[in-house]
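I opened this notebook to record what I looked up in one structure, entry by entry. The sequence and the model come before my notes.

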Amino acid sequence: ENFLNVESKSEFVNSDLQDVLTQIELELGTFAKENGEVFSKYVVVNADGGNTYKNDAYVMFEVYCSVVDKIFEEHIKSRGSTRREFMDNLRELVDTEGNDKYSVQAILAVDSFEKFANFMLQSNKMSQKATEDVAAMGF
């Protein structure tokens with residue numbers, strides 16, 4: 001009898017994936033926090049409400065993609081997994097739990113510049129709000 005039935009294997013994979021996502025969230029959250037304000041300076045808001053991005057914004061996107069690749073490589077190798085397995089597990093998690101998790105949005109930001117720009121702008125808004133909340137509390 002197989003002691004790792006499909007359900008427990010799936011739970012193990014999801015638990016391991018959650019650990020990786022937590023680490024990625026910390027690292028990419030730090031990137032967003034450190035670079036969000038700078039990124040927002042590369043955004044020009046158009047009269048129609050849309051955005052135009054300066055060239056430096058695209059350079060930051062390339063740096064971000066490199067950071068994500070490095071993080072992936074470290075996490076995947078340390079778990080004896082492949083990038084494809086990791087992404088398949090991530091897609092399965094997104095399908096079952098949705099993609100509103102900060103870590104999932106951070107990873108999916110490498111899909112396109114637009115997703116990256118939204119992630120960075122949202123992260124910057126969250127950081128600004130947190131700073132304002134702390135100031136309002138008198139700290």
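I began with Lys-129, which is partly exposed with a relative accessible area of 48%, where buried means under 20% relative accessible area, exposed over 50% and partly exposed in between, with a 1.4 Å probe and protein chains only. Lys-129 forms a salt bridge with Asp-133, and the closest N and O atoms are 3.2 Å apart; the term stands for a side-chain nitrogen of Lys or Arg within 4 Å of a carboxyl oxygen of Asp or Glu. I noted that both residues lie in helix H5 (residues 113-136), four residues apart, about one turn of the helix. Asp-133 is partly exposed too, at 33% relative accessibility.

I am working with a predicted model, in which local features need pLDDT of at least 70 and side-chain atom pairs count only at pLDDT 80 or more, while totals for chains, interfaces and linings use all residues. Residues are numbered from 1 along each chain as its sequence is written, and side-chain values use heavy atoms, with hydrogens and water left out. The average pLDDT of the protein is 79, and 85% of the residues score at least 70; pLDDT is the predictor's confidence in each residue, from 0 to 100. Over residues 1-10 the pLDDT is below 50, and beyond near neighbours in sequence this stretch has two contacts in the model, a contact being heavy atoms within 4.5 Å.

I counted five helices and two strands, which follow the pattern α-β-β-α-α-α-α along the sequence; helices (H or I, at least four residues) and strands (E, at least two) are DSSP runs, numbered from the N terminus. Of the 139 residues in the protein, 32% are buried. Among contacts between residues at least 6 apart in sequence, 67% join residues at least 24 apart.

How many salt bridges does the rule give? The count comes to two, and here I turned to Glu-74 and Lys-70, whose closest N and O atoms are 3.3 Å apart. Glu-74 and Lys-70 are separated by about one helical turn, because they stand four residues apart in helix H2 (residues 55-78). Glu-74 is partly exposed with a relative accessible area of 41%, whereas Lys-70 counts as exposed at 54%.

Is Ser-123 buried or exposed? Ser-123, which is found in helix H5, is buried with a relative accessible area of 3%, and it touches Ala-32 and Tyr-102, not counting residues up to four places away in sequence. Thr-30 sits in helix H1 (residues 6-41) and is partly exposed at 39%. The C-alpha atoms of Thr-30 and Ser-123 are separated by 9.9 Å, although the two residues are 93 residues apart along the chain. I also found a polar atom of the Thr-30 side chain 2.8 Å from the backbone oxygen of Leu-26.

The protein exposes about 9100 Å², of which carbon and sulfur atoms supply 52%; accessible areas come from the Shrake-Rupley method with a 1.4 Å probe, and for residues only the protein chains shown count as cover. Val-134, which lies in helix H5 and is partly exposed at 39%, makes a nonpolar surface patch of about 380 Å² together with Met-137 and Phe-139. Patches are made of residues with over 30% relative accessible area and no salt bridge, like charges being joined within 9 Å and nonpolar side chains (Val, Leu, Ile, Met, Phe, Trp, Tyr) within 5 Å.

Technical notes. Polar contact = N/O pair within 3.5 Å; in protein donor to acceptor, adjacent residues only side chain to side chain.
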